[in-house]
Amino acid sequence: MPRKTAAITRSKTTRTAPADDGAVRIPAPGEGKRGEQGYLGYLLRQAHAAVRLKMERTLADLGVTSPQFAVLTMLNAYPGLSGADVARLTFLTPQTVGVIIRNLERDGAIAMTPHPVHGRIQQWTLTPRGATLLKACRERVIELEKRLALGLDGKAETTIRRWLAGIAAELQED
């Protein structure tokens with residue numbers, strides 16, 4: 001089967017928006033379909049990608065990735081989780097969580113204890129070193145959270161949080 005040409009695979013929006021030199025101009029975030037005209041799902045994904053990149057850069061010198069921060073946060077909130085539980089809560093694959101857990105354990109940030117009833121289940125908790133690392137990460141992430149909420153009053157922020165949590169709960173049921 002022949003491959004589609006670039007002209008066929010380009011969207012109508014980008015074909016009609018050539019730059020001065022004739023090249024296709026990709027809209028910036030906030031413009032066209034990347035702005036208020038875009039699909040909600042796309043806009044959520046775009047915002048998530050921007051936040052994740054900023055978080056990665058914010059935590060890089062601490063040697064912590066965004067997924068590692070998520071794992072540390074969940075283990076702090078819910079000590080004794082299994083790797084499978086962590087994967088479900090962080091929206092990561094069990095394989096990815098396995099690698100993250102091994103690295104965090106190697107670095108002394110978390111420790112494993114066998115489940116008291118089901119010996120094959122490993123439960124994970126933060127160590128004092130992990131709690132200290134999470135505290136340093138949180139200080140930076142809180143600044144990012146403040147930036148995200150800039151311009152929102154308390155009521156608007158509550159509404160947005162409720163809306164986002166509601167989406168997750170509603171679509172989880174399908």
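R52 and E56 are four residues apart in helix α3, which puts about one helical turn between them. Their side chains meet in a salt bridge, with N and O 3.6 Å apart; a salt bridge here is a side-chain nitrogen of Lys or Arg within 4 Å of a carboxyl oxygen of Asp or Glu. The model is predicted, so local features need pLDDT of at least 70 and side-chain atom pairs count only at pLDDT 80 or more, while totals for chains, interfaces and linings use all residues. Residues are numbered from 1 along each chain as its sequence is written, and side-chain values use heavy atoms, with hydrogens and water left out.

**Overall make-up**

- The protein has eight helices and two strands; helices (H or I, at least four residues) and strands (E, at least two) are DSSP runs numbered from the N terminus.
- From the N terminus on, the order of elements is α-α-α-α-α-α-β-β-α-α.
- Of the 174 residues, 22% count as buried; buried means under 20% relative accessible area, exposed means over 50%, and partly exposed lies in between (1.4 Å probe, protein chains only).
- The protein exposes about 12700 Å², of which carbon and sulfur atoms supply 58%; accessible areas come from the Shrake-Rupley method with a 1.4 Å probe, and for residues only the protein chains shown count as cover.
- Among contacts with a separation of 6 or more, 40% join residues 24 or more positions apart; contact means heavy atoms within 4.5 Å.

**Salt bridges**

- Side chains of opposite charge can pair when their charged atoms come close.
- A search of the whole structure finds nine salt bridges.
- E139 forms a salt bridge with K135, the closest N and O atoms being 3.3 Å apart.
- Both E139 and K135 lie in helix α7, four residues apart, about one turn of the helix.
- E139 is partly exposed at 47% relative accessible area, whereas K135 is exposed at 53%.
- K146 and E143 form a salt bridge in which the closest N and O atoms are 3.4 Å apart.
- K146 and E143 are three residues apart in helix α7, so about one helical turn separates them.
- E143 counts as partly exposed, with 48% relative accessibility.
- An α-helix has 3.6 residues a turn, so residues three or four places apart point the same way.

**Helix α7**

- Helix α7 covers residues 128–148, 21 residues in length, and reaches 30 Å from its first C-alpha to its last.
- This reach is close to the 30 Å expected at 1.5 Å a residue, where the expected span is 1.5 Å times one less than the number of residues.
- The buried residues of α7 are G130, L134, C137, V141 and L144.
- These buried residues pack against α3, α4 (66–77) and β2 (122–126).

- Not counting residues up to four places away in sequence, F69 touches M55, L59, V64, L134, C137, R138 and V141.
- S66 lies in helix α4 and is buried, with a relative accessible area of 12%.
- Leaving aside neighbours within four places in sequence, S66 is in contact with R52, M55 and E56.

**Nonpolar surface patch**

- L40, L44, L152, I160, W163 and L164 form a nonpolar patch on the surface, with about 510 Å² of accessible area together.
- Patches are made of residues with over 30% relative accessible area and no salt bridge, with like charges joined within 9 Å and nonpolar side chains (Val, Leu, Ile, Met, Phe, Trp, Tyr) within 5 Å.
- Helices α3 (40–59) and α8 (154–172) each supply at least two residues of the patch.
- The largest share, three residues, comes from α8.
- I160 is placed in helix α8 and counts as partly exposed at 35% relative accessibility.
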